[in-house]
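Me: I am new to this structure and would like to go through its side-chain contacts. Could we take them topic by topic?

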Amino acid sequence: MTVAPKREAYDVVVIGAGPAGLAAAATAAEAGLSTLLLDENVGPGGQVFRAISSTPVTERNQLGADYWVGADLVQALHASGAEIIHRATVWSLDRNLEIAVSIGGASAFVKAKRVILATGALERPFPIPGWTLPGVMTAGAAQTMLKSSALVPDGRTVIAGQGPLLWLLAAQILRLGGRIDRILDTTKRGNYFAALPHAFAFLTSPYFAKGLSMMREVKAKVQVVSGVTELAASGDGQLASVSYVAGGKRETIPADLLLLHQGVVPNVNLAMAAGIEHRWDDLQLCWSPVLDASGNSSVAGIAIAGDGAGIGGANAAVVRGRIAARAAVEALAPAAAAKLPAMATLRSDLARAERGRVFLDTLFRPARQFRIPSGDTIVCRCEEVTAKDVLDSVAIGATGPNQLKSYRRTGMGPCQGRLCGLTVTELMAQARGKSPQEIGYYRLRAPVKPITLAELAAVPKSEADIKAVVRG
Amino acid sequence: MTKNVDAIVVGGGIHGCSTALHLCLAGLKPVLIEKDYAGRHASGVNAGGVRQLARHVPEIPLSIRSMGIWEKISGLLDDDCSFESHGQVLVAEDEEELAICRARVAELNALGFTHEELIDATELRRLVPAVAETCPGGVVSRRDGAANPAQATTAFRRKAEQLGATVREGVAAGNIRYNDGLWHVDVGTDTYAAPVLVNAAGAWAGRIAAALGEPVPVETVAPMLMITSRVPHFIDPVVILRGRKLSFKQFKNGTVLIGGGHLATPDQDRNETVLDWKSLATSAQTVFELFPVMRSATIVRAWAGIEAKMKDDLPVFGPSSRHKGLYHQFGFSLHGFQLGPGAGAVMAELIVNGGSQTRVSDLGIDRFHPSTL
């Protein structure tokens, strides 16, 4: 069933129904603001609480207690009176707070007094030789199938990479009876020392005990190879084997499925297309929006909450959603703000939720060789551009990602740089001896997600445009 | 520190880069100053049309001169700029429009121009098989085509630098002044001095002209473009409509560029534009009606470049009417890309020889001078 937005204008439009968006929309609507929540998925939850209202997995411990927290957020949202539209793809947002959204093949435009972007995170590209072969997929994609359809791998499966999500996925696959032949841990050995000064905060954070028990659970059942320094997938039109180097020793193992993951990064596409200023984050190795303490961006009226504001995890996302919504309430209906938890309380909640984050970021900072490929390794999947192609373009004058577009069309395919952007920035920075901040990122453009010509053609026109214009 | 050069060119669009290159070819050592990077604005992000078709008569000589350079662009730049020549076709959607086309071609022929050719429905269908059956004919300019604008602008910049031009990108030209017989321009902590200053600053050129006492009726505009996903090859020439704002071009890789001059809202000082999706929807609807093959294509990106548009839609081109050594090259009003190569060549002739065989006298800034109004 297709449901268009009920109004043309709202006090608050929240984009994305993950933890931050659910919390933000509920907070704004509870305070009496007209609130619209637009979300691309079929139900609420985002990635972390994907299919929270519909998952066929009923044994609660298989997905873990943290997953089911999402159900409470959804309940609060439904009680709040916010208008919620799923399968709604926002494809344009501009600095006038004009939003274009595609719902069931038809586009509508809504205007907001405040926009809260809660578009979450994307998996960081993992450009190793052979990463584009069928049979190689991201851990996130595997987790999507697991949560929404209870599908787990049954062929020869290798998981490679690092980060909390990798261990969580491995544990979830095993609990659901799936098969994992080997885990190749790419965490850089030096990172353990670098992370040490931040260990105290981590040890006293909720992540510690949970993370440790999950790793123990997985290690009891699967061979884990740590200190992997090289990784490649190969096969003739289909993944056949994975080869790696650990401790100076090379090994090749047969595989039907390789799941790659080396952390998540903010999903910046809609925010950047709206003109929001971003800066390179040297610790998380990604672009993060420039925000004030309430999540307000450089574009008046647009706030960002959740992992899109910088990776902080689900607990921090919920609090950031509440903070951004509270700030919107303070601006639009100051009297109603008194009913909400005080900003100071929310900020201390956030500090608690973010505890241990620096440790995780430092420990799981991906190694250079897994971020910056060389030679024939594909960088841009849409246009099949290799690392060597990028370097050749730099040699004849391409100075940054936007110039590279005209040489190689990188970032101009349907993915709009989601799969190559960070790699291109870092590769060009390395080649030119500059910082990623100096090199910059693709200028991103609407539609942030493709729409059909027919759908755009059906958008209501203004009177002046309908009249034929005679060429001068 | 003051550095003496032969000429200062302000603006790294295709015009500034082409002028810098042609000055080098004439033996001069210019400096090119670009506040962002070469091709950042309209020159790098326009539709890439290389079009003599449907031009205003006063700029046709410059356009023809430019066409000759485009056809030998590889020899000039060691870069083909992805230039291809499959013609450009102006489509008349009804008999009334075709009559206007007929009169136009007759007018050009009377002036001695033969590049535009009237075509009937049969020839139109042969050139553009996908066009709607109801269109009775149009005009073709067979040598026209298209190029990759960012690639072309960058190639001009690169060749100019190879031939001895100094290229300064990322810092705006500041404090432009004339003293002791030389133009002085600050770039960061450096100052350049030269007897010649070329104002090719695009959307920013009007401010420079006004600051030097030559205000002109110019506005900043941002024509929108959008590009589709790949569709099977179905069209070779660039197509423009007589009566509606639409231009249409399919690239070798199958993607289709849709333009035509609907405007975004420019924010010049932020280097930004805010797109007007309701106008883009009008373009989409026109394509939907005329090219059924396009109906299931997806729009993957839309954008707009910032440029200068004159009140009379003609560029400001030639020497200043007030200052010695100052030359203007701006205000190309949504159709400057094709003119870039020729305009650079003619500008170099005006600077070095004091005149050109190519007629540009109708384009001078003096047409706005109170005494000529």
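Me: Are A:E426 and A:R371 buried or exposed?
Reply: Both A:E426 and A:R371 are buried, where buried means under 20% relative accessible area, exposed over 50%, and partly exposed in between (1.4 Å probe, protein chains only). This is a predicted model, in which local features need pLDDT of at least 70 and side-chain atom pairs count only at pLDDT 80 or more, while totals for chains, interfaces and linings use all residues. Side-chain values use heavy atoms, leaving out hydrogens and water; residues are numbered from 1 along each chain as its sequence is written, and chains are lettered from A and ligands numbered from 1 in the order in which they are written.

Me: What does A:E426 form with A:R371?
Reply: A:E426 forms a salt bridge with A:R371, with the closest N and O atoms 2.7 Å apart. A salt bridge is a side-chain nitrogen of Lys or Arg within 4 Å of a carboxyl oxygen of Asp or Glu.

Me: Which parts does that pair tie together?
Reply: A:E426 lies in helix α17 (residues 421–432) of chain A and A:R371 in helix α14 (residues 368–371) of chain A, so the pair ties together parts that are 55 residues apart in sequence. Helices (H or I, at least four residues) and strands (E, at least two) are DSSP runs, numbered from the N terminus.

Me: How many salt bridges are there over all chains?
Reply: The count comes to 41 salt bridges over all chains. One of them joins A:E230 to A:R250, the closest N and O atoms being 2.9 Å apart. That pair links distant parts of the chain, with A:E230 in strand β12 (residues 228–234) and A:R250 in strand β14 (residues 249–254) of chain A, 20 residues apart. A:E230 is partly exposed, with a relative accessible area of 39%.

Me: And which residues are linked in a network of salt bridges?
Reply: B:E117, B:E123, B:R126 and B:R142 are linked in such a network.

Me: Changing topic: how many aromatic pairs are there?
Reply: There are 14 aromatic pairs over all chains. Rings of Phe, Tyr and Trp (its six-membered ring) pair if their centres lie within 6.5 Å; planes under 30 degrees apart count as stacked, over 60 as edge-to-face and the rest as tilted. B:F248 and B:F291 form a stacked pair, 4.3 Å centre to centre with 5 degrees between the planes.

Me: Where do B:F248 and B:F291 lie?
Reply: B:F248 lies in strand β16 (residues 247–250) of chain B and B:F291 in the loop between α9 (277–290) and β20 (298–304) of chain B, so the pair ties together parts that are 43 residues apart in sequence. Both B:F248 and B:F291 are buried.

Me: Which residues do ring pairs link into a cluster?
Reply: The cluster consists of A:W280, A:W287, A:Y441 and A:Y442.

Me: Which residues of the largest nonpolar core touch the most other members?
Reply: Of its 57 residues, A:I116, A:I159, A:I180 and A:I183 touch the most other members. Such a core is a set of buried Ala, Val, Leu, Ile, Met, Phe, Trp, Tyr and Cys residues joined through side-chain atoms within 4.5 Å. Helix α1 (residues 19–30) of chain A gives the most to this core, with eight residues. A second, separate core of 46 residues includes B:A165, B:F337, B:A348 and B:V360.

Me: Lastly, how many disulfides does the structure hold?
Reply: The structure holds zero disulfides over all chains, a disulfide being a pair of cysteine sulfur atoms within 2.5 Å. B:C81 is in none, and the nearest cysteine sulfur, that of B:C17, is 11 Å away. B:C81 is buried, with a relative accessible area of 0%.
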